[in-house]
Amino acid sequence: METRKIASNLDTNFLKLAALVCMTFDHVGSNFFPDMPLFRIIGRLAFPIFAYCVVVGCLYTHDVKRYALRLGAFALLSQPIYALPGCESLAEYWERLIWSPNIFFTLLVGLAAVYGLKEKKWWLTVAAVLFSAFVNVDYGAYGVILMVLFFLLRSKRWQSCLVVALYLGMDLIDLPRWPYIAALQGFSLLSLPLIYAHTNVGIKVNKYVFYAYYPAHLLAIFLIQRLLGLAVA
């Protein structure tokens, strides 16, 4: 029997589907119901799950370079669509297009950080963390460090759960700042039962469905906004 490379959940198809649902709630809430924090709370589960799945992918993929190429390709393909929802002017669209990289870029930088640890190329990990700290990628260094923690504690399931819970829970001290997103981020703790349980749902989904859903649902949100007169880009 093959030794597990990570002690937590390997049911990544199920995890990714759960993350897509949570992400959709988040984006629908931010674009149509900004005064209803419940949508954003549900959405907080998505990123930790995606981050964890990237670590699993780095450990189990046969070709990390091809994995990175897929993330990079969809990052570039998604960016023009990612910048559309919520834009009220062409100037705002171009600003978001250039200065607000989508989540695929964060996952790509995180993959580089984890790969650096896996291959003992420390410079790559340091460079990835510093890049995420000084370049405006979504979730910044916070997201990349989360992936590093998942990797470093991969063989210690309960220790990993505790450390990650403390890391994610730091934002709960900002609850008086509701409904600001910095405060709501603490609810990402709710993703941990999914990440650390050992599920076996048996769902099989082509990997490209997960990649394609991201720009597709953002485009759908934008088109609905146009129909409702909420976007002009």
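These notebook entries record what I looked up in a predicted model.

**Entry 1: helix 4**

I began with helix 4, which covers residues 64–82 and so has 19 residues by the helix numbering used here. I found that its first and last C-alpha atoms are 25 Å apart, close to the 27 Å expected at 1.5 Å a residue. I then followed the helix along its length and noted a kink of about 25 degrees at leucine 76. The kink comes shortly before proline 80. At the start of the helix I looked at aspartate 63, where a side-chain oxygen reaches to within 3.1 Å of the backbone nitrogen of lysine 65.

**Entry 2: the buried residues of helix 4**

Which residues of helix 4 are buried? I listed Val64, Tyr67, Arg70, Leu71, Gly72, Phe74, Ala75, Ser78, Gln79, Ile81 and Tyr82. I recalled that an α-helix has 3.6 residues a turn, so residues three or four places apart point the same way. I next looked up what the buried residues of helix 4 pack against, and recorded helix 3 (46–60), helix 5 (90–99), helix 6 (103–118) and helix 12 (207–228).

**Entry 3: glutamine 79**

Why does glutamine 79 count as buried? Its relative accessible area is 8%, and the limit for buried is under 20%. A polar atom of its side chain lies 3.3 Å from the backbone oxygen of arginine 96. Leaving aside residues up to four places away in sequence, I noted that glutamine 79 touches Arg96, Leu97, Ser100, Pro101, Asn102 and Phe105.

**Entry 4: threonine 125**

I moved on to threonine 125, which is located in helix 7 (residues 122–134). Threonine 125 counts as buried because its relative accessibility is 9%. Its contacts, not counting residues up to four places away in sequence, are Ala113, Gly116 and Leu117.

**Entry 5: the nonpolar cores**

Finally, I examined the largest nonpolar core, which holds 54 residues. Those that touch the most other members are Val55, Leu107, Leu146, Met147, Phe150 and Val164. The elements that give two or more residues to this core include helix 1 (12–32), helix 4, helix 8 (140–152) and helix 9 (157–169). Which element gives the largest share of this core? I found that helix 3 does, with 12 residues. I then took valine 55 and recorded that, beyond residues up to four places away in sequence, it touches Ile6, Val114, Met147, Phe150 and Phe151.

Definitions and conventions. Residues are numbered from 1 along each chain as its sequence is written. This is a predicted model: local features need pLDDT of at least 70, side-chain atom pairs count only at pLDDT 80 or more; totals for chains, interfaces and linings use all residues. Side-chain values use heavy atoms; hydrogens and water are left out. Helices (H or I, at least four residues) and strands (E, at least two) are DSSP runs, numbered from the N terminus. The expected span of a helix is 1.5 Å times one less than its number of residues. The bend at a residue is the angle between axes fitted to the seven residues ending there and the seven starting there. Buried means under 20% relative accessible area, exposed over 50%, partly exposed in between (1.4 Å probe, protein chains only). Contact means heavy atoms within 4.5 Å. A polar contact is a pair of N or O atoms within 3.5 Å; within protein, one must be able to donate a hydrogen and the other to accept it, and residues adjacent in sequence count only if both atoms are side-chain atoms. A nonpolar core is a set of buried Ala, Val, Leu, Ile, Met, Phe, Trp, Tyr and Cys residues joined through side-chain atoms within 4.5 Å.
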